[in-house]
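Here is a short briefing for a reader new to this structure.

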Amino acid sequence: MYAAKNGGRCRAVIGKDTRLSSYMLEYSLAAGLTASGADAYILHVTTTPSVSYITRCDGFDCGIMISASHNPYFDNGIKIMNSAGEKLEESAIAQIENYLDGKSGEIPFASGGAIGRTVDYVSGRNRYIGHLISLSTCSYKGLRVGLDAANGSAWQIARSVFDALGAKTFVVGVSPNGTNVNDGVGSTHIERLVELVKSNSLDIGFAFDGDADRCICVDARGEVVTGDEILFICADYLKKRGELSGNKVVCTVLSNGGLIKSLGLRGIECAVCDVGDKNVCDEMSRSGAVLGGERSGHVVFSKYESTGDGLVTAIMIMEALVEQKKTVDLLLKDYKSLPQVTVNVAVEDKVFAAEILLKDAEALSKSLGVRLVVRPSGTEDVVRIMAEGENYENCLAACAKLREKLNG
C-alpha cells in the first residue's frame, strides 16, 4: 500500500512495549513486512510517541507500535501511523480490514533481491531521547522528581531524560518482567506515585502508562493533577509566553466543565471534541490550536509532536514550574473544578448498552441538573458513564441509576 504510493520500497519502523506478547508480535510483523518486500526497522522497547517522532523525522513510510497502552499485560494491540507520525487514515484502515476479512485477495510475497531487510534501529530511540532533552530551556537541578514508568515503555527513557536535565529522580515501575505492565503502577494506579512523593518529600511526580503517551501528575502535597489541570497549567504558561495560537485549546466532552470556565477567565477559549486522542489532534488541526488533550492525561503539543507524549507533557510542566518559580498548587490557584463522577460498567455488547442508556441519561440530566456522557470504551468491554454538576450527590445518583439500568 505505501510502497505503491511512494513508488519504491516501503520502510516501516517498529516499536514495542514490555508485554510478553510484544516480542512475539514484533518478530511476526518484521517477518510479514520483509516477506512482502518492505524494510523493517526495529526500535525495540520504546514509547508510542517515539515511534511517531522517528517515523516523521526520519522519513519512514509508516510507523508501528505494539502496545495495549494502559491495559493489563494479557491485552495487546497494534497502532499504525502514517508518514506524518499521525494515526492512520480511515481509508487505509479500511484497506487493512478488507485484507484481514479476506475481501481483497492475497498479497504476493517478494522473492530474490526484492525481499526486505530487518534493521536494528536503536539509534532512533536514542535520537528521540536527545529530542526530549533539547526541549528544556531550564535546569532542574535542586528539584526532587518522582517518576512512575508503569513497568512499561518509559522504564529506561524517563529517568535518563530527567537525570540529564539535572533533577534528583526517585522511581517506581521500572522493573518490567513481561507480566507486570500497569500492574498497580502507572497513570491508572496513581496511588503508588502519591506514596512515593509523600514518603520522600518530593517537589513533583509524574506517572506514565504502558506506552507513555499519557501523563498524570502529583504535586508536592500528594494531590493528583489530572489532564484537565495539566491543560490549564500549560495553556496559561503558553499564553504568557505568547505561544498559544489564537488563545485556544482543545479538550473533550469528558473534560471537567471547570476547565472551560477557568480558562475562559484567563481569556482562553476551549474547543470541545469527542473522546479520543485522534479526535483531539483532528480538532487541533482544524482550529489551529497548538495545545489539546484529555482528562486521562493524553496531552498534545503540536509544536513538538503529532501525537500525545507523556514525557513531553512532563517536561512542559517542569518548564512552567521552573520558569515561573511556582509550585503546582500555586499554578492551579485559580483553577476551580466541578464535581464529577465516572463509573465503568462491564457489559457484553458495549455499543448496544450505551445506546439504550441515552434516553434515560437525557431525562436524568434534566431532573438532577447534571451533565451526563455515556459512551462505549474504545479498548474494553465496558460502558463509561460520566456525570458532572454543581452537586456531587446528584452526580452519584445519576451514575447509580444508569448503572442499575444496565445491571437490572
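Leaving aside residues up to four places away in sequence, F206 touches V145, G146, L147, D148, F162, L193, C215, I216, C217, A314, I317 and M318. The model is a predicted one.

**Nonpolar cores**
- The largest nonpolar core has 66 residues.
- F206 is among the members that touch the most others, along with L132, F162, I204, F208, L291 and F301.
- Helix α11 (residues 310-324) supplies the largest share of this core, with nine residues.
- A separate second core holds 20 residues, including V370, V383, A387 and C399.
- In soluble globular proteins, nonpolar side chains tend to be buried together.

**A helix crossing**
- Helix α3 (residues 48-57) and helix α5 (residues 122-135) have axes that come within 10 Å.
- These axes cross at roughly 100°, so α3 and α5 are roughly perpendicular to each other.
- On the α3 side, P49, S50, Y53 and I54 make the contact.
- On the α5 side, G124, R127, Y128 and H131 take part.
- The contact of α3 with α5 counts four nonpolar, three polar and one charged residues.

**A three-stranded sheet**
- Three strands form an open sheet in the order β15-β17-β16, paired antiparallel.
- β15 (340-346) and β16 (370-376) are the edge strands, each pairing on one side only.
- On average, neighbouring strands here are turned by 15° against each other, direction ignored.
- β16 and strand β17 (residues 382-389) are joined by seven bridges.
- V373 has M386 of β17 as its bridge partner.
- Helix α13 (residues 350-368) lies across β16 and β17, and runs at about 180° to β16.

Technical notes: Residues are numbered from 1 along each chain as its sequence is written. This is a predicted model: local features need pLDDT of at least 70, side-chain atom pairs count only at pLDDT 80 or more; totals for chains, interfaces and linings use all residues. Side-chain values use heavy atoms; hydrogens and water are left out. A nonpolar core is a set of buried Ala, Val, Leu, Ile, Met, Phe, Trp, Tyr and Cys residues joined through side-chain atoms within 4.5 Å. Buried means under 20% relative accessible area, exposed over 50%, partly exposed in between (1.4 Å probe, protein chains only). Helices (H or I, at least four residues) and strands (E, at least two) are DSSP runs, numbered from the N terminus. Contact means heavy atoms within 4.5 Å. Axes are lines fitted to C-alpha atoms, for helices over the stretch in contact, and angles run from 0 to 180 degrees between N-to-C directions. Angles under 35 degrees count as roughly parallel, over 145 as roughly antiparallel, 65 to 115 as roughly perpendicular and the rest as oblique. Ala, Val, Leu, Ile, Met, Phe, Trp, Tyr, Cys and Pro count as nonpolar, Asp, Glu, Lys and Arg as charged, and the others, Gly among them, as polar. Two strands pair if DSSP finds at least two bridges between them.
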